Amino acid sequence: IFLVGIVCHMLKCYSDAAYDTMEHSMDFNKALILGIESSCDDTAASVLEISSKGSEIKSSIVHNQFNLHKEYGGVVPEIAARAHAELIDVVVEKALKSAKVVMSDISAIGVTAGPGLIGGVLSGLMFAKGLSVSTNKPLIGVNHLAGHALTPRLTNKIDFPYLVLLVSGGHCQFLIVHSYKKYERLGGTIDDAPGEAFDKAARLLGLQQPGGPAIEEAAIKGNVNRFNFPRPLLDREDCNFSFSGLKTALMRKRNELTEKQGGLFEKDVCDLSASFQQAMHDVIIEKSIRAIDLYSKSTKENQTFAIAGGVAANKKIRHSLKKVCETKKIDFLAPPLELCTDNAAIIAYAAAERFFHGDYDDTTISARPRWPLDNQKPAILGSGKKGSKA
């Protein structure tokens, strides 16, 4: 009911712009792409201008649902989906107004079609479908992971192929990006993603969500050597990660201290945070070195290693990866902090890459809770009726 209602409301709001035909909007030297993102708990819209001179983010509106979920200790899918449905038209309107454009100026609509929480993905995708039909604009369903993986081309216009570490709340994988639609996975997490592990660690220590920034802040005052947490899978020569055991080790140490002292002192929380972050840092750095070595065997010129996703905002990890790249003599790229977390500008750019190749979707496109970028490799997180997880 919510989805039907929001589409009907949107059709009424934007029907005046329907005079602009699809053929009229296709300028392959310059384009304005409307991006829409709703895969988790951020309702976002952005207008991106693409030309021969490069990319310019004309607007980027992100409405976070933190206050709706904080009492539950994590994102509640049903609450997130309802909030997306209620906000999506408002956020899109703000993005257009901030960019000082109207729908008739837009060349194409890019929208996250997966992976993500299915209710949220459906809210954005259904809205985008209705908007596409009512304005006769091309519709492009974007893989959310591709949005992050292509961010280095949005910010720095680098050439293919490059290596990216996509490290976020729901995903962690090394990808060689060969083109806008070809990705080669070198490794990834076999259980928790780093952002997920940070969130769970923060909950265990009574810190706020999202967990990554909270752990990082507490770690500044902590002793990284007080607790010797495990470095999972470092004994294996591949590029895969595992963070579930690290989280369990933190829980056990917390319980041990609580039982011994009757609770946790501030120093304990800081030391636990610092030791936990250090263990995760060490694993990510070592696995990145292995991934860079594999990438360098196949790519001899213009080598670039980039990071993307929410955990890419972690200053300690960014700094160490930059030093690794300096040692390896390859270029290092990290996106601006505002492009690390979920936003619609990266979705608009991923859509733009497809737009200039005439690669569109129609209204039969479906929302996908799972959508691996590399379909040639076996799933590392398993699969089920809905397909591979990653």
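## The largest pocket

A pocket is an open set of grid points, placed where a 1.4 Å probe fits, with protein on both sides within 12 Å along at least five of seven lines. In this predicted model, the largest pocket holds about 1,600 Å³ of space. It is lined by 47 residues, and those closest to its centre are Cys40, Ser168, Gly169, Gly170 and Asp199.

Two or more lining residues are given by each of strand E3 (54–64), helix H3 (66–69), helix H6 (144–149), H8 and H9. Helix H8 supplies the largest share of the lining, six residues. Sorted by class, the lining of the largest pocket comprises 19 polar, 16 nonpolar and twelve charged residues.

Helix H8 spans residues 194–204, and its buried residues are Pro194, Gly195, Ala197, Phe198, Ala201, Ala202 and Leu204. Just after H8, Gly206 adopts a positive phi of about 75 degrees.

A network of salt bridges links Asp192, Glu196, Lys200 and Lys247.

Strand E7 is largely enclosed by the rest of the structure, because seven of its eight residues are buried. E7 pairs with E6 in the antiparallel sense over six bridges, and Tyr162 has Val177 in E7 as its bridge partner. The hairpin formed by E6 and E7 has four residues between the strands.

E7 is also joined by six bridges to strand E8 (residues 182–188), and these two strands run antiparallel. Here Ile176 stands opposite Glu184 in E8. E7 and E8 form a hairpin as well, with two residues between them.

Side chains of opposite charge can pair when their charged atoms come close. Across the whole structure, a search finds 18 salt bridges. One of them joins the side chains of Lys30 and Glu49, with an N to O distance of 3.8 Å. This pair links distant parts of the chain, since Lys30 lies in strand E1 (residues 30–37) and Glu49 in strand E2 (residues 42–51), 19 residues apart. Lys30 is partly exposed, at a relative accessible area of 43%, whereas Glu49 is buried, at 17%, the limit for a buried residue being under 20%.

Arg226 forms a salt bridge with Asp271, and their closest N and O atoms are 2.9 Å apart. Arg226 sits in the loop between H9 and H10, and Asp271 in helix H11, so that the pair links distant parts of the chain, 45 residues apart. The relative accessible area of Arg226 is 31%, which makes this residue partly exposed; Asp271 is buried, with a value of 1%. Another salt bridge brings together the side chains of Lys287 and Asp238 (3.3 Å, N to O). Lys287 belongs to helix H11 and Asp238 to the loop between H9 and H10, which places the partners 49 residues apart in distant parts of the chain. Lys287 is buried, with a relative accessible area of 0%, while Asp238 is partly exposed, at 25%.

Notes. Residues numbered from 1 in each chain as written. Predicted model: local features only at pLDDT ≥ 70, side-chain atom pairs only at ≥ 80, totals over all residues. Heavy atoms only, no water. Buried < 20%, exposed > 50% of the residue type's maximum accessible area, 1.4 Å probe, protein only. 1 Å grid on protein atoms, 1.4 Å probe; cavity = no way out; pocket = protein on both sides within 12 Å on 5 of 7 lines; lining within 4 Å. Points joined across faces, edges and corners; volume = space filled by probe spheres on them. Nonpolar A, V, L, I, M, F, W, Y, C, P; charged D, E, K, R; others polar. Pairing = 2+ DSSP bridges. Salt bridge = Lys/Arg side-chain N within 4 Å of Asp/Glu carboxyl O.
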